[in-house]
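Subject: Structure handover

Hello,

The structure is below, followed by notes on what was found in it. Please read them with the model open.

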Amino acid sequence: MLLVALAAASCKKEVCENPFFCEWDTPFGVPPFDQIKLDHFKPAFIKGMEEELAAVDAIINNTDEPTFENTIKELQFTSELLDKTQRAFGPLSSANTNDSVQALSREMSPLFSKHRDAISLNEKLFEKVKSVYENRDKFNLSPEESKLLEDSYLGFIRNGIGLDAEGKDKLRKLNEELSLLSLNFGENLLAETNGFTLVIDNDADLSGLPDGVRAQAAAAAKAKGMEGKWLFTMQAPSYFPFMTYADNRALREKMFRGYMMRGNNGNDKDNNETAAKIAELRVEKANLLGYKSHADYVLERNMSKNPERVLSFLSEIWTAALPVAKAEAKAQQEMIDREGGNFKLEPWDWFYYTEKIRKEKYNISEEELRPYFAVNNVTDGMFYVANRLYGLEFAERTDIPKYHPDVKTFEVSRDGKHVGILMIDYYPRASKRGGAWCSAMRGQRIDKDGQFVTPLVSMVTNFTPPQGDAPALITPDEANTLFHEFGHALHSLLSNTVYSSGVSRDFVELPSQIMEHWVLEPEVLKVYAKHYQTGEIIPDELIEKLEKAGKFNTGFTTIEYLAASSLDMEYHSLTEPVKVNVAEFEKAAMDKYGLISEIIPRYRSTYFSHIFSGGYSAGYYSYIWCEVLDADAFSAYKETGDIFNKDVASRFEKEILSRKGSKDELEMYIAFRGKEPGIDALLKNRGLIAE
Ligand SMILES: [Zn+2]
């Protein structure tokens with residue numbers, strides 16, 4: 001250990017031309033972003049891959065009988081350099097990118113995937129893992145070790161390593177075909193989304209549209225050489241405001257039909273065949289690997305475990321939400337009748353009448369709220385919550401290297417002991433991708449020498465930037481996003497595992513979404529929601545309106561989401577490779593659930609890119625699954641009458657946050673809550689049943 005340290009130190013002085021090949025003497029081992037140049041990455045990636053392959057070979061060539069220690073544990077330490085380099089590259093490629101960074105990403109991507117295959121399809125390595133797996137009873141493993149072993153073994157099986165030569169060949173062809181079809185689905189959808197526009201040349205047809213929406217449409221028209229006209233598109237920032245505000249019903253219908261027919265126009269961009277083929281090949285692949293359906297294959301790795309459980313879960317919520325959606329439809333019909341409309345409510349009317357009713361009942365303007373949501377105050381609010389729950393302290397540090405000057409860095413500690421580093425990067429810039437996310441530049445772990453390694457976490461958002469001299473004033477939605485990402489950050493910061501093999505998609509949003517429950521709690525708002533100029537605390541009347549507005553139109557939002565989730569599950573629960581007729585299949589599925597004609601699924605088959613060209617097949621349900629968990633978990637606090645109850649918080653930390661990916665997630669949840677999650681808390685939160 002001492003020798004290694006000396007060697008590293010001398011390396012640093014004399015030959016440290018590439019920081020990745022030297023020990024980092026930065027505070028807490030944060031990547032030395034001030035010294036790392038783009039040119040340093042590629043040699044480190046290459047060397048990292050070589051080192052990993054050599055380490056894997058060493059495991060394979062070990063002539064001792066395979067054990068957990070000499071195989072599974074060793075595999076945890078084969079990729080130190082590669083891991084460190086990739087994690088330092090992450091913030092650059094996502095939040096501080098440029099053409100050269102992107103070119104390097106593209107150059108490395110096939111090399112990385114080849115590298116991964118060289119390990120995950122390595123027969124000799126699998127023989128070792130399989131031997132440990134089959135003899136697992138001999139090794140007296142801890143629960144964490146057992147889970148890691150099982151996940152490692154399954155990882156190989158799921159990649160097809162157990163197949164014979166013919167089977168492997170078939171799998172490779174299926175994978176290639178599926179990836180081309182997914183790409184094709186996405187490209188068709190993009191073309192169809194861009195292909196439909198509505199051009200307005202008569203300003204009477206703009207009736208109802210707010211000035212901002214008109215200005216945006218005028219600018220869009222001008223950019224296409226149609227000065228003096230207004231252009232509307234299928235992009236969300238254009239489509240939804242039009243559907244919400246346009247008084248002209250015939251034009252709303254036109255826009256709606258353009259939207260819901262994407263990929264279904266019988267032209268060369270039609271996605272019917274593509275979707276059907278993807279569903280068919282996925283069953284074929286699942287069957288080949290020994291699974292009943294694609295959903296069985298996917299869900300095996302999720303908390304839910306099997307499609308039957310997901311389907312019955314979705315139908316329970318459906319049953320509660322449908323009557324609420326019907327009542328919402330009725331209220332809209334009444335408004336139409338009251339206004340002498342003399343027509344039946346249709347899907348292209350929904351957003352429009354919902355907005356009218358919302359205005360009548362809970363009108364709050366964003367501008368009225370913003371002054372109470374200065375970004376620094378909201379940040380203080382979330383630190384306050386973490387302090388009350390977990391005793392964490394946050395101190396800003398300015399002596400730590402960062403990947404961009406805008407980043408703010410905090411040292412997190414508890415009882416005077418260092419916990420980790422948190423970086424926050426708030427505002428948009430050209431080099432940053434959109435959205436909000438949280439990632440770890442170094443995860444918590446126990447290193448090879450048995451030392452506890454603390455995490456380095458970064459949160460990235462794209463909030464309304466500061467205007468003039470005023471601080472950045474964000475919206476309650478943005479505050480919610482900040483708390484959400486902070487929940488992911490806490491999951492990393494409070495992790496305390498020896499081995500972690502990743503968190504399931506249908507569990508990973510529990511730690512983040514639960515934090516959203518505190519953001520608008522009156523007790524918390526009164527701590528942070530202070531007017532940025534006067535210091536006045538947000539008035540009770542605004543708090544109440546905010547709460548009520550949150551429960552409005554939830555029958556609709558729940559049902560359109562569940563309709564899409566059910567459609568996803570129906571396609572992926574097929575047990576035989578048949579080519580369905582997409583239109584008939586979708587209709588039959590929706591009729592089975594009893595979807596009302598005023599609502600369509602949030603995504604129809606031919607533009608459901610989450611499941612046909614993204615990674616959410618048999619997984620779109622995860623959002624509401626996690627919401628059930630977070631609502632049920634938060635009610636554990638509510639039941640005590642104290643949203644900062646220390647016992648509940650320490651149980652949540654011990655049973656859930658600290659065990660990140662190291663234990664079966666249903667077991668974790670039951671250990672925290674004493675029972676399986678129920679859906680009642682979610683139904684109450686969404687206002688679908690009475691409190
Ligand atoms: Zn999230």
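Strand β3 is joined to strand β4 (residues 408-414) by 5 bridges, and the two run antiparallel; strands are DSSP runs of E with at least two residues, helices are runs of H or I with at least four, and both are numbered from the N terminus. Two strands count as paired if DSSP finds at least two bridges between them. Glutamate 393 has serine 413 as its bridge partner in β4.

This is a predicted model, where local features need pLDDT of at least 70 and side-chain atom pairs count only at pLDDT 80 or more, while totals for chains, interfaces and linings use all residues. Residues are numbered from 1 along each chain as its sequence is written, and side-chain values use heavy atoms, with hydrogens and water left out.

β3 and β4 belong to an open sheet of 5 strands with mixed pairing, in the order β3-β4-β5-β9-β6. Its edge strands, β3 (392-396) and β6 (437-442), each pair on one side only.

There is also a zinc ion. Its protein donors, His484 (NE2), His488 (NE2) and Glu509 (OE), lie 2.1 Å from it. Donors are N, O and S atoms within 2.8 Å of the metal (3.2 Å for Na, K and Ca); water is not among the atoms, so the site may look incomplete. The spacing of the donor residues in sequence is H-x3-H-x20-E. Histidine 484 and histidine 488 are separated by about one helical turn because they are 4 residues apart in helix α18 (residues 476-493).

Regards
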